[in-house]
Amino acid sequence: MRKKIIAGNWKMNKTIPEAIALVKELKALAGGETAVDVVVVPPFTALYPVAQELKGTSIGVGAQNLFWKASGAYTSQIAPGFLVDAGAQYVLIGHSETRGRFGVAEPDFDDDVLRLFGESDSTVNRKAKAALAAGLIPIVCIGETLAERKAGTTDAVVSGQTERALAGIPAADAAKIIFAYEPVWAIGTGEVCGADEADRVCGVVRASVAKLFGAGTAEAVRIQYGGSMKPDNAKELLSKPNIDGGLIGGASLKAKDFVAIIAAGR
Ligand code: PGA
């Protein structure tokens, strides 16, 4: 049985005082949660104070990105060791908001701030390796755009992203990686992917892992669904056999909603 993992991706939200207020609430409501793994993913600036606040609880802490080098002349970048130093155990890699052609808005979006940060399958792979080497658990995000779904290429896109993320990673390390299937068109739009379809695509991800590493590793790997998961749809999504948790954006910013999703995962 894979333990479910519910992670709250706060994106570019919460000052330090706001972050502390939110984790204090979470601590009170879910600080002793053991039936599912719970992780919060604050912005970099709040990472250390949030990790300090959560010491002694069962709630884990993740960062939203990292760079693959250990140190050096890489202005603006954050090394894997810095995240460990700040108290993180997890790190998001390849979120759809950081993937894409550098500086080019994707035609799917009205909002031109999406997919501007140039993350590619190859940088995702480097970051996953660097995270694992530093002892961090990567949460690797994958998912098709609306144009890719309409073109009928969802399965090819998702399996390609999965396989390229895993290139050169040994099986023992691959089993530690968490995948988050996040159809890009469902993120922050209120447009949730149907539970059966989300489960089916998570199955495609698992099959890609099986192809590279065999059934044992594929059965061990946890695959989250992300994209407009809310208290009212979480139960159905989280009851599906291939969905091992959720990566929650908007609904993770309110303790009550996030805790309701945690409860749905028990
Ligand atoms: P959302 O974001 O829950 O607000 O759709 C999910 C994500 O981007 O991880």
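Here is a chat about how the strands, the barrel and the ligand site of this predicted model get their labels.

Me: What should I know before I start?
Reply: This is a predicted model, where local features need pLDDT of at least 70, side-chain atom pairs count only at pLDDT 80 or more, and totals for chains, interfaces and linings use all residues. Residues are numbered from 1 along each chain as its sequence is written, and side-chain values use heavy atoms, with hydrogens and water left out.

Me: Why is histidine 95 called buried?
Reply: Buried means under 20% relative accessible area, with exposed over 50% and partly exposed in between (1.4 Å probe, protein chains only). Histidine 95 has a relative accessible area of 5%, so it counts as buried. You'll find histidine 95 in the loop between E4 and helix H4 (121–133).

Me: What makes E6 and E7 a pair?
Reply: Two strands pair if DSSP finds at least two bridges between them. Strand E6 (residues 178–181) is joined to E7 by four bridges, and the two run parallel. As one spot to look at, alanine 180 stands opposite glutamine 224 in E7.

Me: How many bridges link E7 and E8?
Reply: Two, with E7 and strand E8 (residues 245–248) pairing in the parallel sense. Tyrosine 225 stands opposite glycine 246 in E8. Between E7 and E8 the chain crosses through helix H10 (residues 231–238), and this β-α-β crossover is right-handed.

Me: What makes a crossover right-handed?
Reply: Point the strands away from you: the path from the first strand over the helix to the second has to run clockwise. E3, helix H3 (residues 80–86) and E4 also make a right-handed β-α-β unit.

Me: How do you know that E3 is paired with E4?
Reply: Strand E3 (residues 59–63) and strand E4 (residues 90–93) are joined by two bridges and run parallel. Alanine 63 has valine 91 in E4 as its bridge partner, and glycine 62 has tyrosine 90. On the E2 side, three bridges join strand E2 (residues 37–41) to E3, also parallel.

Me: What does the whole set of strands form?
Reply: A closed barrel of eight strands, running E1-E2-E3-E4-E5-E6-E7-E8 with parallel pairing.

Me: Which residues are closest to the ligand?
Reply: Lys11, His95, Glu182, Gly188 and Ser228 are the closest of the 13 residues that surround the ligand.

Me: Why is the link between histidine 95 and glutamate 182 called a polar contact?
Reply: A polar contact is a pair of N or O atoms within 3.5 Å; within protein, one must be able to donate a hydrogen and the other to accept it, and residues adjacent in sequence count only if both atoms are side-chain atoms. The side chains of histidine 95 and glutamate 182 make such a contact at 3.2 Å. Glutamate 182 also has a polar side-chain atom 2.7 Å from an oxygen atom of the ligand.

Definitions and conventions: Near = heavy atom within 4 Å.
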